[in-house]
Every structure is written in structure tokens, then in C-alpha cells.
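User: I would like to learn how to read a protein model. Please take me through a few features, one at a time.

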Amino acid sequence: MKNWRRIVTWGIFFVMLSGALAGCKTQEAEKKQITLRIKLPPLTVANADTGVTDSYEVLNQAGEEFAAQYTDYDVTVEVVKFAYTEEDEYITGCFDTDHAVDVLFEGYFNMAGYIHTGRVVPLDDIITEELRADVDDMLWKMSQMDGKTYMLPYYSLQNTLIYNKNLFRQCGLAEYIGEEGTIQSWTPEEWEDILATLAEKLPEMTYPMLMYAKNDQGDTHIMTLLRSKGSPFFNENGRFNLNTKEGIAALQWIADSYQKGYFPAGCENMEIIDCSNLFTNNQLAIYMANSATLPGMDRHSTGVANFPSPDGKGYNTSFVTGFEIFDNGDPEKVQAAKDFLRYFISNEELMNYAQVGIPASNATAERVSKHIFMQEAYNANTGNTVDFTANNPNWRGVRDVFYTHIHELLAGTKTPQEAAEALDADCNAAIETGWENSKLHE
């Protein structure tokens, strides 16, 4: 009898255990399957503890780790890299398809425009008070529209010019070479002396300074040069305002500089990568770089300088890189995407990769301070940073037309006056179209 009771008891226990396990399996099987698509252009990162430099690799690692510990949904993270010239195809061209972007990791100058599509969701519900206090107000302001936060800053890069010290020395310009780790600023008179001397003394097929107008890649640097004669570039309403005495003077300076041999021959048909190749081959004395690209260069032969300004203090631009989440009609996928960002910003190893520039997180910047390239110099130079978008929508549309008028200026088919008028008309038309079509996420 006792054996029979023992058998019955164990049988009941086994049935209960089997039922519990079956319930767990059923519950697990009922988890919604979600594929998160994280998209990014070619972007570098840095982490002295790992040596990994490709953002694509970091995001794959983050996706795998997130999916392994995530319990709300059965998540697969797919990371997709696209070329800068393919951005429209991979972002707006994929709306309402199975390949739509869920999380975008990119620079703000393109990301900001997507906010006006109505697809980008506010992120204020994942921003804790601790995180908000950890990031400078300036970065939060750049991330917001109408009081809501649509972009999550990760790091910023400061774009300046760079110069070949060896070519400067060969041309007798050693006096303009600063100490390693510093950022030079030259007066307008010094700029003219430098460029004129380089044009006179550089070997044949070697040129003083970058210039290009084949496409929209690198157009921000041309925009910065258009401030060289005192133009604020935008008016009080954030619209292009180059048809002024200062704006026309800057366009005239570009046209005159080309005639003087300060720019590469045929630069109207060159793109920024062509100038990069010239600089790498010691055929260009002055190019551009930022804290992500500069460390890979020979620091002993490469100097850093601001873009020219009337007061001699110089200009630079700051590029913020961060995250954006898109709503593709599935609220559970949006929630999973937000949870991925929560996971990412709470992971110190992943946050440390922001040391490629100046981390948006002050705690991260302090933690990896000794690994941040030229941190003190770049921080001291922030007072010379200019706003190159004025938070305008449809910046892609602006870029589509801007370079065409610089091309015609360099080709000699437009005068500086005509270029100024055309730039204001076409770029402002693109901005107006952006505002007319602007729709924020509801």
C-alpha cells in the first residue's frame, strides 16, 4: 500500500512538473519574434581596451548581447551598413517595407532631417534624470524639436583644417607651424601669405588647399569657408543669407583663389575623397580632418588649423553622432528599440567607444579622458564653433542644390554675385519645402 501511495504521489508530482514546464515552453513560444534593423554609414569608434574601430562591429556585439539577455520579446538584431551616397535608398527609400530602419546611428546633420518625416519617435521616456544631467545642455538642445528629444547624442567630432608640416617647411613657412597637439589660427593676412607662398614654391602638380564641387560630399567645409569675410551665413530666421557684401566677398575669394592656383586644377570636377588622396600623396598642403580621422595620420608631420575668419580666431564645425528610433507601425518593435538603447547607454564598455571623439556623456569622458585625442585643445576651441544647419529641415535638399552653384562658380559660368543669389534662392526653397512638409511623430 505504501509503495502504491508513493507511486501515486510521484506520478502527481511528475504531472505537475510536466505541466509547469509545458507552461513555461508555451509562454516562451508565445513571445513575439522581432527583428530590429540598426543602420549606419561607415563610422569609426575607439576603445583602448579592445582595439575595435568599426562601429558596425560594435553594434553587432551590442545587438547580440542585448538579444541574449532580453526577455520581453524574441529579438534578432540585424546591423546594416550603407555608403553615404546610398543613404536615401537605405533610409527614406525603405519606409513601409520589410527592410525599414528601426534604429539609426549617424551624424546629426543628416538625422535631424528625418525628424520632420513624422517617423522618428521622441526618446524622453528613456532619458532618466541622471542621464539628462550627464550630458551638456547644448547637446540636448541640438537633439530636440518643439521641446521633445528625438536624437540621443553619443559623441561629437570637431572638424578643422590640417596641414602638411613638411610642405610648409619646404616652402619657408616654418613660422606658421604650431606645437604638436595645438590648433592654429591665422589672420586673413597670414592666410594670404601662406597660400601665395605655397602656390609659388610647391612642386608642379602639388597644390596649396582643398577645393571640390563634384557632389554634396564635404559641402559643409565649403559653407564654413563662405564665412571667411564676415558673413554669418544665416539670417535671424535661419535662412541662407549669402547675397550680402560679406557673402559675395567670400565667393569672390574662392573664385580668385582658384585663379591664383591656390586650389587643385579641375577642382570643380573633384570630390572630397580626391583631395584626401592628394593630401595622402603629399600633393596637397592643406586638407581637413577631425578627432576621428586625425589620429591615424602622422602627428609629427601633420598640423591642425581652424578655417579662416576675419578676426583671426578661426572657425570650426562640430558634428554630433548619435541614435534615432523610427516608428514603422509596430509599437512593440519601437519598445524593443528603446530597450536596446537603454541597454547600450547603461553598458560602460559600449559607451567607452565614444572616445573616438568627445563623449556626450560627461561620466564617460572622465572615465576615458586619457584616451581622448587632443581633448584639451578641442575643448578650448569650442568657442570658435559655428552652426552649419541652423536646425533647418530638408538639409538633404539643401545639399542637393548647394554644391551645384559652387561648381558653376569654380567653372566660371556664374559670377560671385550670381552664385550668391542662386544659393539663397535654391537653398531657401529647399528649406521652405522642408517646413511645409514637416510632420512630427504623434
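User: How much area do domain 1 and domain 2 bury between them?

Analyst: Two ground rules first. This is a predicted model: local features need pLDDT of at least 70, side-chain atom pairs count only at pLDDT 80 or more, and totals for chains, interfaces and linings use all residues. Residues are numbered from 1 along each chain as its sequence is written, and side-chain values use heavy atoms, with hydrogens and water left out.

Buried area is the accessible area (1.4 Å probe) that two parts lose on being put together, summed over both. Here domain 1 and domain 2 bury about 2,300 Å², with 52% of it on carbon and sulfur atoms. Domain 1 covers 33-156 + 319-384, and domain 2 covers 158-318 + 390-437. These bounds come from an automatic or database domain assignment.

User: How many residues of each domain are in contact?

Analyst: Contact means heavy atoms within 4.5 Å. By that rule, 21 residues of domain 1 meet 29 residues of domain 2.

User: Which salt bridge crosses the interface?

Analyst: Side chains of opposite charge can pair when their charged atoms come close. The rule asks for a side-chain nitrogen of Lys or Arg within 4 Å of a carboxyl oxygen of Asp or Glu. It finds 1 salt bridge across the interface of domain 1 and domain 2. Asp88 pairs with Arg396, with the closest N and O atoms 3.4 Å apart.

User: How many salt bridges does the whole structure have?

Analyst: The search finds 15. One of them joins Glu332 and Lys32, with closest N and O atoms 2.8 Å apart. Glu332 is in helix α12 and Lys32 in the loop between α1 (2-29) and β1 (33-40), so the pair ties together parts 300 residues apart in sequence. Helices (H or I, at least four residues) and strands (E, at least two) are DSSP runs, numbered from the N terminus.

User: What describes an aromatic pair?

Analyst: The distance of the ring centres and the angle of the planes. Rings of Phe, Tyr and Trp (its six-membered ring) pair if their centres lie within 6.5 Å; planes under 30 degrees apart count as stacked, over 60 as edge-to-face and the rest as tilted. The count here is 30 aromatic pairs. Among them, Phe95 and Phe326 are tilted, at 6.1 Å centre to centre and 45° between the planes.
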